[in-house]
Amino acid sequence: MKVSSIILAAGKGTRMKSAYPKVLHKICGRPLLQYAVDAVTALGVEQPVVVVGHGADVVRSTLGDQVLYAEQEQQLGTGHAVLSAQIAIPEDADLVLVTSGDMPLFTPETLKALLETQIRNSGPMTILTVVAIDPRGFGRIVRGVDGSVQAIVEEAQASPEILAIRELNVGAYCFQARWLWDALRRIPLSPKGEYYLTDVVGLAVADGQRVEAIAVQDERETMGINTRIHLAEAEAVMRRRIMEKLMLDGVTVINPDSTYVEIGVQIGQDTILQPNTFIYGKTLIGENCIIGPNTIITDCQVGNDCVILAAVMEKAVVEDGVDMGPFARLRKGAHLGPHVHMGNFGEVKDSYLGAGTKMGHFSYIGNATIGKDVNIGAGTITCNYDGEHKHPTVIGDEVFIGSDTMLVAPLNLGDKARTGAGAVVTHDVKPGEVVVGVPARPIRKKENVE
Ligand code: UD1
Ligand code: CA
């Protein structure tokens with residue numbers, strides 16, 4: 001059986017009051033449409049066809065070639081949108097699954113149940129419904145006295161009796177392909193001037209065909225996004241799902257309601273997420289770490305056994321056993337080797353700190369390569385920028401940088417070199433050499449003075 005799929009995403013989403021297409025708004029770091037694509041793709045059906053219209057270019061550039069596209073130039077309704085996709089569907093398709101890009105919470109299991117019901121169904125279509133107290137503007141499912149589905153009536157067209165119905169159309173359907181293409185051409189124009197996909201239900205019934213319906217058990221899956229209020233509600237549902245998956249996989253989350261982890265983030269077993277922690281983007285965190293409270297991590301790689309308290313870090317790498325914070329900041333290209341200690345009020349950018357190096361207090365390290373077991377005294381600054389260019393600083397192993405040292409780059413400090421407190425270092429320092437003063441000059445070591 002050949003199953004194709006169509007995801008509707010051409011609408012403007014007027015109720016979002018946005019310059020961006022509705023389906024590109026994000027929950028938990030991923031566009032709504034991407035969730036819809038992922039749920040369909042998980043079924044292993046033909047590559048989905050996404051119907052684009054409003055903001056077509058930006059939708060295409062966001063999703064790339066993971067899907068096929070069909071253009072709906074004028075948004076004449078959901079029925080018209082499905083018809084616009086026919087051209088991209090193989091002629092020998094048996095079934096067509098239709099979902100929409102503004103429904104991000106369907107699980108693959110739910111869509112699979114829809115598909116399997118239609119595979120067993122001899123009639124032309126199966127719809128997904130939900131029984132809910134809040135109708136959210138959804139179409140109402142009208143059933144006959146024998147319980148069979150007779151029609152879907154849109155809220156704007158519904159009489160008071162129909163408005164009172166609490167079985168709703170969630171907007172996911174599976175059709176016999178051949179029947180669908182014919183029925184779409186027979187949809188009457190609605191009073192609002194649109195061709196409603198939902199009207200094919202009435203057409204099937206008029207043809208003497210039975211319409212199958214299955215109900216979604218978990219109402220939260222059926223949340224469609226029409227406003228930014230819905231967006232926040234869906235975000236909360238997705239956030240909870242992400243948290244529950246992490247917890248079931250062995251991560252301790254002290255307070256899931258104040259912890260924000262975007263979809264796709266990976267976290268190892270026995271790591272503890274403290275409250276008010278935000279983990280975004282392509283982030284990978286190892287096992288047995290303590291993250292937070294009050295930490296923001298974006299696109300970072302963190303090893304095992306790290307403690308990261310009240311830190312802000314992005315596009316950085318932190319190896320095993322690092323402890324950081326409070327109030328530490330890693331910027332793009334920061335790389336802390338194993339067991340680095342980075343205390344309060346430090347910033348590292350585009351730099352490598354070797355294993356066991358300590359940077360306890362108030363330092364800025366930029367464009368530097370630092371060896372093992374270096375002591376970076378309080379207030380050390382790499383003066384890496386001359387107003388036009390960035391310059392590198394290279395520091396060897398076991399170097400001791402005295403408090404408040406200014407390292408005026410480009411600069412090289414050999415292994416075991418030392419600087420005095422307050423030194424302004426403008427020239428390279430040889431291995432084992434001690435420099436002091438402003439500008440810093442070598443002093444002979446005590447043993448040599450005697
Ligand atoms: C639709 C259903 C309604 C259902 C609800 C569930 C219709 C007529 N109504 O209403 O019964 O309860 O979904 O969420 O289908 N779109 C296009 N081209 C168009 C119009 C819409 O691609 O010309 C896309 C939109 O981008 C959106 C989807 O179709 O992704 C649904 O459209 P929307 O306007 O949100 O329909 P609802 O009013 O929510
Ligand atoms: Ca909608």
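How many helices and strands does the secondary structure of the chain come to? I looked this up before anything else. The model is a predicted one, and I count 9 helices and 42 strands in its chain.

**Overall shape**

I then checked how spread out the chain is. Its radius of gyration is 30 Å, well over the 22 Å that the globule rule gives for 450 residues, so the chain is more spread out than a compact globule. I also took the box along the principal axes, and the C-alpha atoms fill roughly 110 × 40 × 40 Å.

Next I looked up burial and surface. Of the 450 residues, 50% count as buried. The chain exposes about 20,700 Å², and 52% of that area is supplied by carbon and sulfur atoms. For contacts with a separation of 6 or more, I note that 39% are between residues 24 or more positions apart.

**The parallel sheet**

I traced an open sheet of 9 strands with parallel pairing. Its order reads E14-E17-E20-E23-E26-E29-E32-E35-E38. Which strands are the edge strands? I find strand E14 (266-267) at one edge and E38 at the other, each pairing on one side only.

Strand E32 (residues 368-370) and strand E35 (residues 393-395) run parallel and are joined by 3 bridges. Thr-369 has Val-394 of E35 as its bridge partner.

**Strand E7**

I turned to strand E7 (residues 125-131). Why do I call this strand largely enclosed by the rest of the structure? Because 6 of its 7 residues are buried, where buried means under 20% relative accessible area.

As a reminder to myself, strands of a sheet pair through backbone hydrogen bonds, either parallel or antiparallel.

**Cis peptide bonds**

I listed two cis peptide bonds. One joins Gly-292 and Pro-293, with omega about 0 degrees. Pro-293 is in the loop between strand E18 (290-291) and strand E19 (295-298). Another joins Ala-409 and Pro-410, with omega about 5 degrees.

**Positive phi**

I also noted positive phi values in residues other than glycine. Asn-288 has phi near 60 degrees and lies in the loop between strand E17 (284-285) and E18. With a relative accessible area of 43%, Asn-288 is partly exposed.

Phe-327 has a phi of about 65 degrees, again positive although the residue is not a glycine. I place Phe-327 in the loop between strand E24 (323-324) and strand E25 (328-330).

**A nonpolar patch**

Which residues make the nonpolar surface patch of about 340 Å²? I find Phe-327, Phe-345 and Phe-362. Phe-362 lies in the loop between strand E30 (358-361) and strand E31 (364-366).

Phe-327 is partly exposed, with a relative accessible area of 48%. Phe-362 also counts as partly exposed, at 48% relative accessibility.

Note on methods
Residues numbered from 1 in each chain as written. Chains lettered and ligands numbered in written order. Predicted model: local features only at pLDDT ≥ 70, side-chain atom pairs only at ≥ 80, totals over all residues. Heavy atoms only, no water. Patch = residues over 30% accessible without salt bridge, like charges linked within 9 Å, V, L, I, M, F, W, Y side chains within 5 Å. Areas by Shrake-Rupley, 256 points an atom, 1.4 Å probe, with all protein chains shown as cover. Salt bridge = Lys/Arg side-chain N within 4 Å of Asp/Glu carboxyl O. Helix = DSSP H or I, 4+ residues; strand = E, 2+ residues; numbered from the N terminus. Buried < 20%, exposed > 50% of the residue type's maximum accessible area, 1.4 Å probe, protein only. Rg over C-alpha atoms; globule rule 2.2 N^0.38 Å. Contact = heavy atoms within 4.5 Å. Pairing = 2+ DSSP bridges.
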